[in-house]
Amino acid sequence: MFTLIDEQALQKDPAQAASIGGIVTRSNYRIPAELMDRLPQLRIITTNGVGYDGIALDHARQRNIVVTNTPDVLNKAVAELAVGLLLALLRNLPAADSFVRTGAWVGSPFPLGASLAGKKVGIVGLGRIGKEIVQRLVPFEVDISYFGRVRQAVPWRHFDSLPAMARHVDVLILSCPGGAATRHIVDAAVLQALGPDGVVVNVARGSVINEADLCDALANGIIQGAALDVFDSEPLGESSLRHMPNVVLAPHIGSATHETRRQMAELAIRNLVSFFRTGRAVTPVA
Ligand code: 8YV
């Protein structure tokens, strides 16, 4: 039904741009206005992921180009990773693993970690993914708060000030969308408020944290640690984060399970097929 033209083929033969009706992308790629304008027949951009901060949405709207994403099907996988990263950080699992492998255990005991039970956890972005994270954290007997513009009908404490919530909690979990509205909302002031026993888990977007402020806070004991699945620039190149003992790092794998990636790909394809058959996409972004 579709003819696939990949980026390299387009570079080799730019004339093919004239026939492209749809783009399939993912969060790792940007779709700027200039690219859309090189494709006069473009009618739909389908991103294989929930985030669409890399797509020039206003421009797509102006040109009447439909943008679709893959919401919900990845909520559980991302929530599982958030909880896994948090536990890995509190108990220092990467170091514990190498402690056993290298035989260091023979010479000395492994340093104590921190319990999750009894901690105060603040969620930045209590959306679909944030709620799945909370659902998984409740059995760990933590005290939940959330930060967001709107108070929701949920039993958790609401903060409309991020520094105020950071002051209140031990653990800050970022699960909000990326983009201009959330860029660098976690900065030096928020990290200072979180304090020397506080930790950050980021499964949202690297852009949500000011990475320079984060590195400074981690290096100087302003916060205790961080578990990060997303970064300002991916793949992460040379960065002091790679050399810090108090961080756990993952290569943007929130949705990266066989089950979830299959469901995402199926939904992305259903969007394309439905749009070209009926003019209506299945999950257009609002
Ligand atoms: C993936 C993501 O990185 O859904 C998102 O917004 O960041 C991830 O699921 C990716 O888009 C999968 O291809």
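Visitor: Why is glutamate 132 called buried?
Guide: Its relative accessible area is 14%. Buried means under 20%, exposed means over 50%, and partly exposed lies in between, with a 1.4 Å probe and protein chains only. At 14%, glutamate 132 therefore counts as buried.

Visitor: What kind of model is this, and which residues count?
Guide: It is a predicted model, in which local features need pLDDT of at least 70, side-chain atom pairs count only at pLDDT 80 or more, and totals for chains, interfaces and linings use all residues. Residues are numbered from 1 along each chain as its sequence is written, and side-chain values use heavy atoms, leaving out hydrogens and water.

Visitor: Where does glutamate 132 sit?
Guide: In helix α6, residues 128-137. Helices are DSSP runs of H or I with at least four residues, strands are E runs of at least two, and both are numbered from the N terminus.

Visitor: What makes the pairing of glutamate 132 and arginine 136 a polar contact?
Guide: Their side chains are joined at 2.8 Å. The definition asks for a pair of N or O atoms within 3.5 Å; within protein, one must be able to donate a hydrogen and the other to accept it, and residues adjacent in sequence count only if both atoms are side-chain atoms. Leaving out residues up to four places away in sequence, glutamate 132 also touches Asn75, Lys76 and Ala79. Contact here means heavy atoms within 4.5 Å.

Visitor: How do you know which residues are around the ligand?
Guide: A residue is near a molecule or strand if one of its heavy atoms lies within 4 Å of it. Among those around the ligand are Asn48, Gly51, Arg205, His252 and Met264. The shell divides into 3 nonpolar, 6 polar and 3 charged residues.

Visitor: What makes the phi of histidine 252 stand out?
Guide: Phi is positive, about 50 degrees, and the residue is not a glycine. Most residues other than glycine have a negative phi. Histidine 252 lies in the loop between β10 and α10 (258-278). Its 23% relative accessibility makes it partly exposed.

Visitor: Why is isoleucine 185 called partly exposed?
Guide: Its relative accessible area is 23%, so it falls in the partly exposed class. The residue is in the loop between β7 (171-174) and α8 (188-194). Setting aside neighbours within four places in sequence, isoleucine 185 contacts Val124, Phe147, Leu162, Val190 and Val208.

Terms used. Ala, Val, Leu, Ile, Met, Phe, Trp, Tyr, Cys and Pro count as nonpolar, Asp, Glu, Lys and Arg as charged, and the others, Gly among them, as polar.
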